[in-house]
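Here is a short briefing on aromatic ring pairs and on one helix. Look over the sequence and the model first.

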Amino acid sequence: MAHKLTTSYLEDSLALFRFYKKMGEGAMEQVPDEQLFAALDGEMNSIAIMVKHMAGNMRSRWTDFLISDGEKPDRDRDSEFMAPPDTRESLMRLWDQGWAKVFEALEPLSEADMQRTVTIRGEAHSVMQAVNRQIAHYSYHVGQMVFLAKHFRASEWKSLSVPRNKSAEFNRKVVAGEASQR
């Protein structure tokens, strides 16, 4: 799909969230079930743990987004790094529930809402700042997921962006409107 030019911050933000959701799904699709739950060492998180953490963050940040603090009192962040769901199906359900919160909160917003103020852990943020914060957070963890999946798949990995040694071909497709990095 070709990139769509927009001057709408909200439209572009939604496109970025969708891009990172798709990239995370592309990484998870390439690994067998057991690798969703594998970590490289005791200090690393598995893909499943990252999904659980992201879903917990998404529920907290985007539930009642404009009217309540983004760090909900019932969130237990530390528990997000323990005991992930034990099947691919339950993990993907959690992933989808988290992303649904993102889109349910953002899709109804107007450009004027970008000027509103929300709080996260009691700190004031413009809506635009809060959105930027979450784009950065989710892209960070999706990047970790991609790193792990690529490590596990090694030579079987299928690129989720521009494949190695295919830049010229990709650039031709972008110029022709046949492809986009997003």
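Eight aromatic pairs turn up in this predicted model. A pair here means rings of Phe, Tyr or Trp (its six-membered ring) with centres within 6.5 Å; planes under 30 degrees apart count as stacked, over 60 as edge-to-face and the rest as tilted.

**Phe-17 and Trp-62**
- The ring centres of Phe-17 and Trp-62 are 6.0 Å apart and the planes stand at 85°, so this pair is edge-to-face.
- Phe-17 sits in helix 1 (residues 9-30) and Trp-62 in helix 3, so the pair links distant parts of the chain, 45 residues apart; helices are DSSP runs (H or I, at least four residues), numbered from the N terminus.
- Phe-17 is buried at 1% relative accessible area; buried means under 20% (1.4 Å probe, protein chains only).
- Trp-62 is buried too, at 3%.

**Trp-99 and Phe-103**
- Here the ring centres of Trp-99 and Phe-103 are 5.9 Å apart with planes at 25°, so the pair is stacked.
- Both residues lie in helix 4 (residues 88-106), four residues apart, about one turn of the helix.
- Trp-99 is buried at 0%, and Phe-103 at 12%.

**Cluster**
- Ring pairs join Phe-17, Trp-62, Phe-65, Trp-95, Trp-99, Phe-103 and Tyr-138 into a cluster.

**Helix 3**
- Asp-64 follows helix 3 and has a positive phi, near 50°.

**Basis**
- Residues are numbered from 1 along each chain as its sequence is written, and side-chain values use heavy atoms, without hydrogens or water.
- Local features need pLDDT of at least 70 and side-chain atom pairs 80 or more, while totals for chains, interfaces and linings use all residues.

Definitions and conventions: Helices (H or I, at least four residues) and strands (E, at least two) are DSSP runs, numbered from the N terminus. Buried means under 20% relative accessible area, exposed over 50%, partly exposed in between (1.4 Å probe, protein chains only).
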